[in-house]
Amino acid sequence: MWIIPGQNRSWVSEFILLGFSSDPTTNSILFIVFLLIYLSSVMGNGLIILLICLDTQLHTPMYFFLCILAMLDMGYVTTTLPQMLVHLLAHSQTISFAGCWMQMYVFGALGITECTFFVVMAYDRYVAICYPLHYTVILNWELCIRLAAGSLVCGFLSALLHTFFTMSLPYCGPNKVNHYFCEGPAVRSLACMDTHIIEMVDQVLSVFMLLIPISLIVTSYIYIAMAILKIKSSQARCKAFSTCASHLTVVSFFYGPGTYIYLRPNSSYSPEQDKQISLFYTALLNPIVYSLRNKDIKRAFLKVMAHGRVD
């Protein structure tokens with residue numbers, strides 16, 4: 001605790017992350033499970049990035065965006081899971097105030113970047129299916145880089161507002177966060193002042209960063225569905241639908257939990273439920289889901305396994 005001179009109030013200098021359980025046996029099991037999840041995410045995403053970089057046939061806008069998503073996903077899980085793994089085995093579960101601030105900011109920045117980046121990927125599918133002959137002309141490399149950079153700027157600036165509003169609140173005790181990482185709602189519930197105004201501002205930001213991207217994605221897929229239905233060949237229709245299925249799957253798993261946690265009324269806040277739901281978007285293997293049915297990624301992987309390189 002920090003003691004403020006001239007005031008009968010102390011301010012917390014660290015938080016205690018309660019995690020999932022205080023039972024050592026349960027924590028050991030959870031450690032193994034989350035270690036496997038983390039290693040799978042890092043190695044899987046790393047392999048996808050490597051394959052896309054090595055195979056010139058994958059140097060297209062779609063795989064450029066997939067490569068960036070893989071990088072975001074690696075950063076996302078690295079922000080929360082390594083520390084959680086340490087806390088599952090260590091006696092101390094503390095995190096400094098500055099560490100909590102930084103974790104909340106980076107987690108929020110990468111999360112909001114993914115929110116906007118899924119819109120970019122939906123636009124990529126829209127152009128590929130609705131304007132296939134002009135795909136590389138419309139989505140040229142200059143536009144691709146601008147879209148990716150714009151998503152990053154939007155994510156990191158928006159997260160700065162969210163983090164500033166939360167961490168500028170007075171925290172004078174208790175300092176036990178009922179979560180496995182410093183997530184905004186869990187930390188904000190410990191503030192020793194009325195947070196109603198801050199929560200309203202944060203909810204407005206959440207509406208802007210969640211509902212607008214969802215609306216744009218839905219609009220894109222309405223146009224995509226209309227274009228697919230006009231295709232006469234059933235085989236071509238199935239191929240077009242399959243290219244969108246993976247994107248819709250990861251969008252659903254990402255936006256579903258995020259919308260529930262950040263847009264629900266504050267009166268229905270449930271720490272235990274939030275911890276479980278947040279796992280869906282902190283431990284997802286998004287690019288791996290994309291690649292499970294992707295013939296080009298499989299082909300590049302088999303080339304590496306057979307020849308040790310991609311021609």
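Which residues line the second largest cavity? The legends below take up this and other close-up views. This is a predicted model, in which local features need pLDDT of at least 70 and side-chain atom pairs count only at pLDDT 80 or more, while totals for chains, interfaces and linings use all residues. Residues are numbered from 1 along each chain as its sequence is written, and side-chain values use heavy atoms, with hydrogens and water left out.

**View 1. The second largest cavity and its lining.** The lining consists of L17, G19, F20, M84, H87, L88, Q93 and Y180, and the cavity has a volume of about 50 Å³. On a 1 Å grid over the protein atoms alone, a cavity is a set of points where a 1.4 Å probe fits but cannot get out, and lining residues have an atom within 4 Å of a point; grid points are joined across faces, edges and corners, and a volume is the space filled by probe spheres set on the points. Helix α2 (residues 61-89) supplies the largest share of this lining, 3 residues, where helices (H or I, at least four residues) and strands (E, at least two) are DSSP runs numbered from the N terminus. By class, the lining holds 5 nonpolar, 3 polar and no charged residues, with Ala, Val, Leu, Ile, Met, Phe, Trp, Tyr, Cys and Pro counted as nonpolar, Asp, Glu, Lys and Arg as charged, and the others, Gly among them, as polar.

**View 2. The aromatic pair Y76 and F107.** The rings of Y76 and F107 are stacked, because their centres are 4.9 Å apart and their planes lie at 10 degrees; rings of Phe, Tyr and Trp (its six-membered ring) pair if their centres lie within 6.5 Å, and planes under 30 degrees apart count as stacked, over 60 as edge-to-face and the rest as tilted. This pair links distant parts of the chain, with Y76 in helix α2 and F107 in helix α3 (residues 97-130), 31 residues apart. Y76 is buried at a relative accessible area of 3%, and F107 is buried at 5%, where buried means under 20% relative accessible area, exposed over 50%, and partly exposed in between (1.4 Å probe, protein chains only). Both residues belong to one aromatic cluster, whose members also include F20 and Y180.

**View 3. The open sheet β4-β3-β5.** Three strands form this open sheet with mixed pairing, two strands being paired if DSSP finds at least two bridges between them. β4 (94-96) and β5 (176-177) each have a single partner strand and stand at the edges, so one side of each is left without a neighbour in the sheet. Strand β3 (residues 14-17) pairs with β4 in the antiparallel sense over 3 bridges, and I95 in β4 is the bridge partner of F15.

**View 4. The second largest pocket around S206.** About 380 Å³ of space lies in this pocket, a pocket being an open set of grid points with protein on both sides within 12 Å along at least five of seven lines. Its lining has 24 residues, and G108, G111, I112, S206 and Y262 lie nearest the centre. The elements that give two or more residues to this lining are α3, α5 (141-167), α7 and α8. S206 is placed in helix α7 (residues 196-229) and is buried, with 9% relative accessibility. Leaving aside residues up to four places away in sequence, S206 touches L211, Y262 and L263, contact meaning heavy atoms within 4.5 Å.
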